[in-house]
Every structure is written in C-alpha cells, then in structure tokens.
Amino acid sequence: MSIELDRRVEKCASQAKDYLMDRRRENGSWVDRLSSSTVSTALGALSVAQADPVLHHDRILRSVKWLRENQRADGGWSMADSVPPSSPGMTAFAIAALHKLDAEQSADHIKRAWQFIEASDGWNVIPGLRGETPKTWPAAAPIIWSIVGLRDEPQPDQPVEIMLLPALLRNKVSIALPVILALGIMQHRTLPRNPFRRLLGKIAEPRALNWLRTISGTNGGIEECPMIAGFVYLALNSVDVGEDLQLASLQYLLETQRHDGSWAIDRDLEISVTAYSIMALAEMVDLRTDEASSQSRDWLLRAQWNKPFGAFDIKAGGWSWALPSGWPETEDTAVVLGVLADFDLSRGHPSAQLALHWLRSRQNRDGSWSEWVRNSAIMNDRPCAGVTCHVVMTLHRFGEPTGPGSAIARALGYLKRHQKSDGSIDSVWFRDSVHGTSRLLETYATLKLSNTEPALAARNWLLRNQSSAGGWPARTVLPPAHPTVEETAWAVFALLKWGENPHGTAIVRGVEWLIAQQDDVGTWTPSNVGLYFDDLCYTDDLIAHTFALRALGRWLRMTSQTAE
C-alpha cells in the first residue's frame with residue numbers, strides 16, 4: 001500500500017512540476033489565470049462603448065456575448081466565471097450592461113435577471129439599495145444603474161471631500177479610495193449639493209485628480225484592476241474631467257480585455273504566484289543549486305519597491321501582487337522575502353534589510369498585520385491572521401527575536417487572542433477557517449512550538465474538519481459547498497509541517513484526494529475560495545496548482561526521510 005502510494009504521488013507530483021515549469025515565462029516568473037468577473041466585464045463593456053461604440057463594436061459584442069453565455073440557470077451571474085452560486089450584486093452589474101448595450105436582443109436575459117433579483121431578496125442584499133448594507137463602497141451598483149438610466153432614486157454618497165481629510169484618516173478606506181474619489185468627482189458635478197459641500201467639492205476635486213494620477217501605473221492601470229479602471233473611466237468621462245486619466249484607464253481596459261470579451265477583477269497576481277511556484281518547487285529541488293530557479297530569484301528582487309509609495313505613506317521595501325500598478329502590501333512582502341530565504345538570501349542583503357524594516361514598521365498596535373493600512377477596520381484591510389502568520393514565519397527565518405515584547409511575541413499574542421475556542425481562526429482573504437487555521441499551525445510548527453495549546457487546538461480542528469471524502473473542509477459557511485484543492489493542500493501541508501505521520505489515516509486520505517483531483521494535463525481545477533469581500537470572490541489556477549504541488553512535495557520528502 002505504502003509503495004503503491006509513493007509511486008502514485010511521485011507520478012502526480014512529477015506531472016505537476018512539469019506543468020508548472022511549462023508555464024514559466026522566459027524572465028523566470030509565472031502568470032496565472034484569475035477567473036473572469038461579471039462586474040469587471042460589465043464595467044469594461046460600458047466603458048469602451050461610452051468611449052467609441054463604433055470603433056469598439058467588436059469588443060462590445062464579445063462582452064455582451066460573454067455576459068449572455070455566462071448567465072446561470074437561475075437567472076443570476078456568478079462572482080467568478082460562471083461558478084456557483086449566483087450573486088445578486090454581480091447580477092445587478094450585468095443587468096446594467098445588457099440594458100445599456102443590448103436591451104432588445106438581451107430582453108429575455110434581462111427579464112430572467114430581474115426575476116433572480118426578486119427571488120434572492122436582492123433589493124435588500126445589494127449594497128446601497130434598500131437594506132442595511134453599506135451606503136458607500138461597495139455600494140456602487142445603484143450608481144451604475146443611475147448612469148445607464150435604470151434608477152432615479154438618490155445615489156449612495158461617495159464624498160470626494162474625503163480628500164480634504166488628513167491622510168491618516170482618508171487612507172482608512174484603503175484600496176477602495178480610487179473608486180470613491182472617481183465616483184465622488186462625478187457626483188460633485190452632477191448631484192445637488194448645498195453651498196458648503198459645493199465649495200468643499202470644488203477644493204477637493206483637483207486634489208483627488210492629482211492623487212489618482214500618482215497611483216496610475218505606466219500601463220494606465222490602478223491596482224492592476226480592470227474593475228477600478230472601469231469605474232474611473234465611466235465616472236470621469238461622464239463629467240468630462242481628467243482626460244489624461246480617462247485615456248489611461250481606457251487604454252488599460254483595451255489591453256486587459258480577454259479574447260472571449262471578459263475581464264478579470266485583477267489582471268493577474270504575477271508576483272504572488274511566482275513566489276508560490278518557488279515555494280512548491282522548493283519541496284522538490286534545492287533552489288540554491290538549481291540554475292533555472294536563480295532567474296526567478298532575480299526577477300523577484302527586481303520587483304521590490306525601491307521607493308516609497310507616497311499615496312499611502314508606505315516606505316520603500318515591500319512587494320505588491322503585480323507590476324506596475326499593484327500597491328506594496330504585507331502578505332506578498334512576507335511571502336516573497338520568505339521565498340528569497342530559500343535561496344539563502346542573507347539578513348545583510350540590502351533587499352532583505354529593507355524588507356525586514358518594512359515589515360516591522362507595518363505591525364498593528366494589537367500585534368497583527370493588515371495589508372496596506374495600519375490599525376484599520378475596513379472589511380478588506382483589517383487585521384488578518386493569515387497575513388500575520390506569513391510575516392511571523394518570515395521574520396523567524398531571518399533570525400528576528402522572539403522574546404517578550406518582540407514583534408513575533410506580540411503577533412503570537414494576537415493569534416492566541418483571536419483563535420476561537422474550537423481551535424480555528426479566520427483569514428480575511430480566503431473563505432471560512434481552513435486557510436487561517438492551517439497558517440496558524442504552520443507558524444507554530446516553524447517556531448518549534450508544535451506542542452503548545454494554540455498549535456494543538458489548530459491541529460485538532462483540522463483533523464475534525466476533514467471531509468468523509470478526504471479533502472477539506474467538511475463543512476462550509478461561504479460557497480463552494482464542497483472540499484477544495486486549495487484548502488486540502490493548505491491543511492495537508494500544515495499538518496505535515498506540524499509533524500503528523502505522513503502514513504497516518506488523515507494525511508493519506510488527504511493525499512489520495514489530491515491525487516484523484518488532478519486532471520490529465522497535470523493540474524487541478526481551482527475553486528472560488530479567494531475573497532476580496534464576501535460578495536466578490538475569485539478562482540486562481542496557479543494558487544490551486546502550486547499549493548497542491550507543495551503539499552505533495554512535502555509528503556514525498558517526509559516519506560523519503562522515514563524510509564531512510
């Protein structure tokens with residue numbers, strides 16, 4: 001049984017490694033496929049149509065075709081490709097695009113979509129309509145409805161006057177700020193305002209435009225996000241202001257539209273998945289002597305931010321998820337720096353010195369780390385256990401102290417306080433608790449704290465929450481309602497890192513499940529476990545692939561050591 005499983009895992013991992021190397025770009029990096037997005041596609045199509053419906057006729061037709069073909073049987077649209085479930089919020093954006101661009105030919109699609117909105121209580125669920133959901137970001141759907149003529153009611157207020165606040169307060173809205181400012185400029189010029197707000201808006205508008213210019217990348221993108229480009233273009237073009245920003249956003253949309261007419265939420269996560277790919281390969285080869293991997297190391301070193309990110313007063317030294325307009329953020333900085341440690345990058349290396357100082361400076365008061373804004377509580381930039389764990393493991397790799405009062409000790413205190421009584425802990429950027437709990441267990445194992453109460457509680461939670469089929473999780477809160485490759489890989493790796501017997505029942509069942517999910521070309525189907533917020537998730541092919549390969553590679557290493 002053991003010998004047979006060894007052979008099957010070796011074959012599976014070998015195929016996966018070959019597949020991964022075939023995906024590697026000439027410069028040593030990787031690029032992933034993020035799921036196509038209903039909201040990005042709707043906004044992109046509306047933008048290119050507003051720019052020039054004749055010139056972009058074919059692009060518009062392809063987008064409309066994608067929207068119509070990806071409507072689900074219940075009349076709604078998904079957050080990620082057409083993967084279930086349907087989302088009222090995403091459906092609202094699809095309705096806006098089809099109403100504006102193809103109302104007659106898409107009449108049946110629109111009718112079915114309205115029926116889905118009614119059946120799913122969309123009027124109370126979609127932010128900014130009637131319910132108790134947020135009235136600012138992400139309450140953008142009713143604003144787009146207003147732009148396309150579907151709504152006469154007052155729009156959710158997006159105050160451009162936020163630019164007049166001190167940066168420390170203004171930046172609390174984090175990555176949502178570009179959209180708030182663009183829509184705020186449009187509302188300042190089109191909606192009734194009292195004299196005082198008109199004055200404030202007049203002062204704030206040029207500052208907002210200049211701020212948007214500072215974060216616009218050389219390719220015209222903002223945060224490498226077609227969704228944001230669509231919002232910025234539609235808002236500014238509607239009031240004929242910021243022509244340079246309009247042109248930049250439009251050019252970015254034209255360059256990032258896919259052949260099938262769709263757009264993703266983010267263009268890609270090239271830095272993230274390059275780091276994940278190396279993490280997986282590190283379980284299979286010695287990176288220090290692997291010539292092919294040295295090019296990847298050099299690419300990552302070149303991708304480091306060597307100047308401050310002035311818009312958010314973030315120092316030089318971090319990494320973003322993609323170039324050139326991704327913002328430096330904590331998780332990718334920690335992950336990349338940890339990967340560079342696998343290449344024996346020393347603590348004294350200038351890039352390591354800069355990044356370590358960057359990470360230490362970004363710690364929150366409670367000992368945690370967020371992504372961009374310290375001590376923030378916004379839904380997608382608040383303290384995160386998964387991010388915190390990545391930082392702790394990287395700081396430890398580079399010999400940071402662990403004694404009382406140290407950054408690592410404070411972080412462990414945060415994790416212990418926020419671990420639930422059942423042993424689990426949530427992560428902001430992935431659904432439910434498998435990701436956060438696996439990261440916590442991996443962190444404690446890395447620090448050689450495997451027998452402490454938090455580690456044992458996390459281990460036991462993972463073992464209890466393995467599904468009967470062998471994958472993780474057994475139960476879900478957010479969709480999908482089944483085990484996933486990503487979560488199974490995270491759980492298997494963490495348990496192995498903790499010291500779980502690789503031939504034990506739980507690990508063998510998890511490994512068997514991963515093998516069974518691999519397809520004929522050597523990869524795995526991703527699931528929509530990645531979160532921007534609860535109503536905006538995504539799939540990523542290389543996240544699924546690299547973490548599955550990493551888990552199988554670790555299993556092979558441990559079984560080889562056992563055999564010796």
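Is the crossing of helix 13 and helix 15 left-handed or right-handed? It is left-handed. Before I go on, a reminder that this is a predicted model.

Let me stay with that pair. Helix 13 and helix 15 pack with their axes 9 Å apart, at an angle of about 35°. On the helix 13 side, the contact residues are Ile 271, Ser 272, Ala 275, Tyr 276, Ile 278 and Met 279. They meet Asp 332, Val 335, Val 336 and Val 339 in helix 15. By class, that contact has eight nonpolar residues, one polar and one charged.

The structure holds four cavities of 30 Å³ or more, and the largest cavity contains about 450 Å³ of space. Its lining is made by 27 residues, and those closest to the centre are Asp 266, Trp 321, Trp 372, Trp 429 and Tyr 532. Helix 13, spanning 270–281, and helix 15 each give two or more residues to this lining, as do helix 11 (226–238), strand 5 (530–533) and strand 6 (536–538). The lining of the largest cavity divides into 19 nonpolar, two polar and six charged residues.

Next, the second largest pocket. Which helix supplies the largest share of its lining? That is helix 15, with five residues. Helix 15 covers 330–342, and the other helices that supply at least two residues each are helix 17 (385–397), helix 19 (434–446), helix 21 (485–498) and helix 23 (541–563). The volume of this pocket is about 600 Å³. There are 24 lining residues, with Glu 283, Gly 338, Asp 342, Arg 397 and Arg 550 nearest the centre. As for class, 10 residues of the pocket lining are nonpolar, four are polar and 10 are charged.

Helix 1, residues 2–23, and helix 22, residues 505–517, have axes that come within 10 Å and cross at roughly 45°. From helix 1, the residues in contact are Leu 5, Arg 8, Val 9 and Cys 12, and they meet Val 508, Val 511, Glu 512 and Ile 515 of helix 22. Six residues of this contact are nonpolar, none is polar and two are charged.

Notes:
Residues numbered from 1 in each chain as written. Predicted model: local features only at pLDDT ≥ 70, side-chain atom pairs only at ≥ 80, totals over all residues. Heavy atoms only, no water. 1 Å grid on protein atoms, 1.4 Å probe; cavity = no way out; pocket = protein on both sides within 12 Å on 5 of 7 lines; lining within 4 Å. Points joined across faces, edges and corners; volume = space filled by probe spheres on them. Helix = DSSP H or I, 4+ residues; strand = E, 2+ residues; numbered from the N terminus. Nonpolar A, V, L, I, M, F, W, Y, C, P; charged D, E, K, R; others polar. Axes fitted to C-alpha atoms, helices over the stretch in contact; angles between N-to-C directions. Contact = heavy atoms within 4.5 Å. Left-handed = near helix turned anticlockwise from the far one by under 90°.
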